[in-house]
Amino acid sequence: MAHEETIFELMEGLVIADKHIIGDLMAHKNIWTAGTSSINNSYKALNNLVDAGKLEKGDSSYFRLKGCKSNYCEHAQLLTKALADILKFNYTTKIFREHTIAEKGLRPDSLILLTRVNEGICFVLEVCNNETPEYLQQKINTWNAWDGATEYLSQLFGVKIPHFDIVKSDDLKTYMEAL
């Protein structure tokens, strides 16, 4: 099987996923036929990556990067699905999943930079299945009040980030289609 490298690159962005998510992405890339073929081939490749020591197998339903502590609960599954949807768009994508910013008490679900040619967009992605509206607003207020946010993101991504958005996963499809 020659697609482990592609699958590992996907996993580096997703961090944790199941064979269905990876199979769907591989079918989207036209590597395998959608459905059973892509799911089975992805499962074999994911297991090969486990055997090679590049991934860990959770229970029988998911795989994760070494060092990831998630057990693929509902929030993790929703975040993985949202990130997979982003990867289907025709952008070069950098993802920092659950990146802690200790000095601000922030741990956004994901920080994302999408680039194409010489243009890019940066946004904070939040999956809000467990958060109260008040808690989400508190996070948004922290980001908006942080004078050094764009400098921090610029350093993290290694490119100048003059502006960023905050996107809830419920609004992701509309946001991505408007780009």
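**Rings and a helix in a predicted model**

Modeller: Gly53 follows helix α3, and its phi is positive, near 80°. This is a predicted model, where local features need pLDDT of at least 70, side-chain atom pairs count only at pLDDT 80 or more, and totals for chains, interfaces and linings use all residues. Residues are numbered from 1 along each chain as its sequence is written, and side-chain values use heavy atoms, leaving out hydrogens and water.

Colleague: How do you know what span to expect for α3?

Modeller: Take 1.5 Å times one less than the number of residues. For α3 that gives 22 Å, and the reach from first C-alpha to last is 22 Å.

Colleague: Why is the pair of Trp146 and Tyr152 called tilted?

Modeller: Rings of Phe, Tyr and Trp (its six-membered ring) pair if their centres lie within 6.5 Å; planes under 30 degrees apart are stacked, over 60 edge-to-face, the rest tilted. Here the centres are 5.4 Å apart and the planes at 45°, so the pair is tilted. The count by this rule is seven aromatic pairs. Ring pairs also link Trp143, Trp146, Tyr152 and Phe164 into a cluster.

Colleague: What makes Arg116 count as lying over the face of Tyr91?

Modeller: NZ of Lys or CZ of Arg must be within 6 Å of the ring centre and within 35 degrees of the ring normal. Arg116 lies over the face of Tyr91, at 4.0 Å from the ring centre. Lys19 lies over the face of Tyr43, at 4.8 Å.

Notes. Helix = DSSP H or I, 4+ residues; strand = E, 2+ residues; numbered from the N terminus.
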